[in-house]
Amino acid sequence: MPSVKGLATIFDKDLLIYCISQPMARKNRGEAISPTVQLRAYDLLVWTNRETSGDGYRRLLEAFERLGGTRISTNIKANGEEIAEGFGLIESYRVVRTTATGRMTEVQVRLSDWMFKIIQGSEVLTLSRDYFRLRKPIERRIYEIARKHCGEQDEWRISLALLQK
């Protein structure tokens with residue numbers, strides 16, 4: 001469900017991927033992880049192949065607003081119970097700027113519990129850095145679907161009707 005700022009886009013997902021990659025890298029090194037991620041805005045923009053201009057930073061903030069406002073509602077049935085739950089893609093974000101220059105000096109993102117559980121369970125797929133060079137949303141979505149299903153397999157088949165769905 002979108003917020004008044006709109007629904008998070010597939011390009012906003014880049015920020016989420018970056019934020020997930022930080023604790024995932026720490027976990028892979030055997031370090032403690034937290035749902036709160038500290039980052040440098042410049043590093044995020046460069047890593048996701050985005051502009052580092054003033055407009056790039058403005059769009060970064062807008063993306064955080066959409067990610068924070070987009071809500072997911074789901075239900076899980078198990079053991080004779082049904083649990084309905086709602087959560088955001090990210091729990092919150094915080095951007096600190098110097099007043100003299102407007103430069104972002106600190107960016108902090110708190111991942112949702114749902115997202116953090118995915119990291120804790122190592123249920124995260126790696127992506128090629130070239131993913132961030134894909135400019136069309138349909139190209140990115142096809143890559144995501146293929147990446148999820150191919151894994152280590154030599155072959156994967158899907159009907160056009162299911163792929164279109």
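The largest nonpolar core has 25 residues. By nonpolar core I mean a set of buried Ala, Val, Leu, Ile, Met, Phe, Trp, Tyr and Cys residues joined through side-chain atoms within 4.5 Å. Buried means under 20% relative accessible area, exposed means over 50%, and partly exposed is in between, with a 1.4 Å probe and protein chains only. The residues with the most contacts inside this core are Leu39, Leu60, Phe64, Val109 and Leu111. Two or more residues each come from α1 (13-28), β1, α2 (41-47), α3 (54-69), β5 and α4 (113-120). The largest share is from α1, with 6 residues. In soluble globular proteins, nonpolar side chains tend to be buried together.

Now the ground rules. This is a predicted model: local features need pLDDT of at least 70, side-chain atom pairs count only at pLDDT 80 or more, and totals for chains, interfaces and linings use all residues. Residues are numbered from 1 along each chain as its sequence is written, and side-chain values use heavy atoms, with hydrogens and water left out.

Take Phe64. What does phenylalanine 64 touch, not counting residues up to four places away in sequence? The list is Leu15, Leu44, Ile90, Tyr93, Val107 and Val109. Contact here means heavy atoms within 4.5 Å.

Next, the overall layout. The protein has 6 helices and 5 strands. Their order from the N terminus is α-β-α-α-β-β-β-β-α-α-α. Helices (H or I, at least four residues) and strands (E, at least two) are DSSP runs, numbered from the N terminus. The C-alpha atoms fill a box of roughly 55 × 40 × 40 Å along the principal axes. Of the 165 residues, 27% count as buried. Among contacts with a separation of 6 or more, 56% join residues 24 or more positions apart.

On to β1, residues 36-39. Its covered face holds Val37 and Leu39. Its uncovered face holds Thr36 and Gln38. In a regular strand the side chains alternate between the two faces of the sheet. β1 pairs with β5 (residues 104-111) in the antiparallel sense, over 4 bridges. Pairing requires at least two DSSP bridges between the strands. Gln38 stands opposite Gln108 in β5.

Which way does aspartate 12 go, buried or exposed? Asp12 is buried, at 2% relative accessible area. Asp12 lies in the segment before α1. Leaving aside neighbours within four places in sequence, its contacts are Leu7, Arg50, Ala63, Arg66 and Leu67.

Thr74 sits in strand β2 (residues 71-78). Thr74 is partly exposed, at 33% relative accessibility. Beyond four places in sequence, Thr74 touches Ile83, Ala84, Glu85 and Phe87. The C-alpha atoms of Thr74 and Phe87 are separated by 8.9 Å, and the two residues are 13 apart along the chain.

Last, two backbone angles to check. Most residues other than glycine have a negative phi. Asn49 has a positive phi, near 60°. Asn49 is in the loop between α2 and α3, partly exposed at 36%. Ser122 has a positive phi as well, near 55°. Ser122 is in the loop between α4 and α5 (137-150), partly exposed at 38%.
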